[in-house]
Amino acid sequence: MSSPAEYYKSLPPISKAYGTLCLFLTTAVQFGLFNLPDIALIYKPVFSSFQVWRLITTFFFLGNFSINFGIRLLMIARYGVQLEKGPFERRTADFLWMMIFGALSLLVLSAIPIFWNPFLGISLVFMLLYVWSREFPNAQINIYGLVTLKAFYLPWAMLALDVIFGAPLMPDLLGIIAGHLYYFLTVLHPLATGNIILRTPRWVNKLVARWRIGAPTPMYNRAQPDRTTGGADGTTSAAFRGRSYRLND
C-alpha cells in the first residue's frame, strides 16, 4: 500500500492542483485568514472596484469543515482523477480547458439573478461528477451501502441526497447544467452532426506546453477504444453510451 505522500504525488496535475487549492482556501477561511465576504462572487465590486479575484476565489471554497466538505474533496480525488487518467489521458490541455469552460459557464449562469450563488466550488465539482457519469455511464456505484445504481444516474442521486439532508439545490443544479453544456458541445453534437463546436484553444495548449503540465497532447488523431457496453442483444441505448475519445488535430 502506497503512503499518502506517494498517493498525492501520483495524482494527475490538474485534479491535484484544484483539490489542493480548495483545501488550502477552505482551511484558510476556517482559520480566519480570509473573510468569506471578501472572496465571494459579488459582481458589483468586481466591476466598480475591480475586485477581479472574486471571479477566481469563488471556485475554491467548498463550504465549512464538515462531512459534505470531505465528500466534495473525495469527489475531486475520485471522479476528477478518473477523468484525467482515463478519457483525458495525455490530454492535459483538454482537461484544463474543460475546467476553464465550466468555470466560465458557471460565472455566466450565476450572473442571472435566480441562479446567483456566492461560491461556485461545489458547482464545479458537480460538473466534474456529471461529465464523469457520462463518460462511464455503466459503472456500478454503491451509495452509502444502501443502493447500487448506474453511474449515469449518480449526479441526480447526489442532488436528491443533498436536498434530503438540507443542502441548497442550486449549486448542484448549476454544475449539472454546466457539465451537460460541455458534454453536448464536445461529444453529443459532434456525434450527431460531425461538427465540433467547442475546441481547446491554442493558448491553453501553449500554456500546458510552456509550463510542462502533465503529458504533452498528441498532435494527431489516434484511434482509441469505444467504451460502449452493449446489452444482451448487442445493442446499447444512446443514453448509456460513453464518448469515442476525442483528440486534438
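First, the ground rules. This is a predicted model, where local features need pLDDT of at least 70, side-chain atom pairs count only at pLDDT 80 or more, and totals for chains, interfaces and linings use all residues. Residues are numbered from 1 along each chain as its sequence is written, and side-chain values use heavy atoms, with hydrogens and water left out.

Now the fold. The protein has eleven helices and two strands. Helices (H or I, at least four residues) and strands (E, at least two) are DSSP runs, numbered from the N terminus. Along the sequence the pattern reads α-α-α-α-α-α-α-α-β-β-α-α-α. Of the 249 residues, 46% count as buried. Buried means under 20% relative accessible area, exposed means over 50%, and partly exposed is in between, with a 1.4 Å probe and protein chains only.

On to the rings. There are ten aromatic pairs in the structure. Rings of Phe, Tyr and Trp (its six-membered ring) pair if their centres lie within 6.5 Å; planes under 30 degrees apart are stacked, over 60 edge-to-face, and the rest tilted. Take phenylalanine 65 and phenylalanine 69. Their pair is tilted, at 5.3 Å centre to centre with 50 degrees between the planes. Phenylalanine 65 is partly exposed, at a relative accessible area of 43%. Phenylalanine 69 is buried, at 7%.

A second tilted pair joins tryptophan 97 and phenylalanine 101, at 6.3 Å centre to centre and 50 degrees between the planes.

Tyr79, Trp132 and Phe136 make up one aromatic cluster. A charge also meets a ring: lysine 16 lies over the face of tyrosine 8, 5.2 Å from the ring centre. The test for that asks for NZ of Lys or CZ of Arg within 6 Å of the ring centre and within 35 degrees of the ring normal.

Next, the strands. Strand 1 (residues 140-143) and strand 2 (residues 147-150) run antiparallel, joined by four bridges. Two strands pair if DSSP finds at least two bridges between them. Glutamine 140 stands opposite lysine 150 in strand 2. The two strands form a hairpin with three residues between them. In that turn, tyrosine 144 has a positive phi of about 55 degrees.

Now the surface. Phe24, Phe31, Leu33, Phe34 and Phe65 make a nonpolar surface patch of about 600 Å². Such a patch takes residues with over 30% relative accessible area and no salt bridge, with nonpolar side chains (Val, Leu, Ile, Met, Phe, Trp, Tyr) joined within 5 Å and like charges within 9 Å. A salt bridge is a side-chain nitrogen of Lys or Arg within 4 Å of a carboxyl oxygen of Asp or Glu. Phenylalanine 31 lies in the loop between helix 2 (13-30) and helix 3 (36-39). It counts as exposed, at 65% relative accessibility.

Last, the backbone. Most residues other than glycine have a negative phi. Arginine 90 has a positive one, near 60 degrees. Arginine 90 sits in the loop between helix 6 (67-85) and helix 7, and is partly exposed at 41%. Arginine 212 also has a positive phi, near 50 degrees. Arginine 212 lies in the segment after helix 11 (202-210), and is exposed at 76%.

How values were computed. Areas by Shrake-Rupley, 256 points an atom, 1.4 Å probe, with all protein chains shown as cover.
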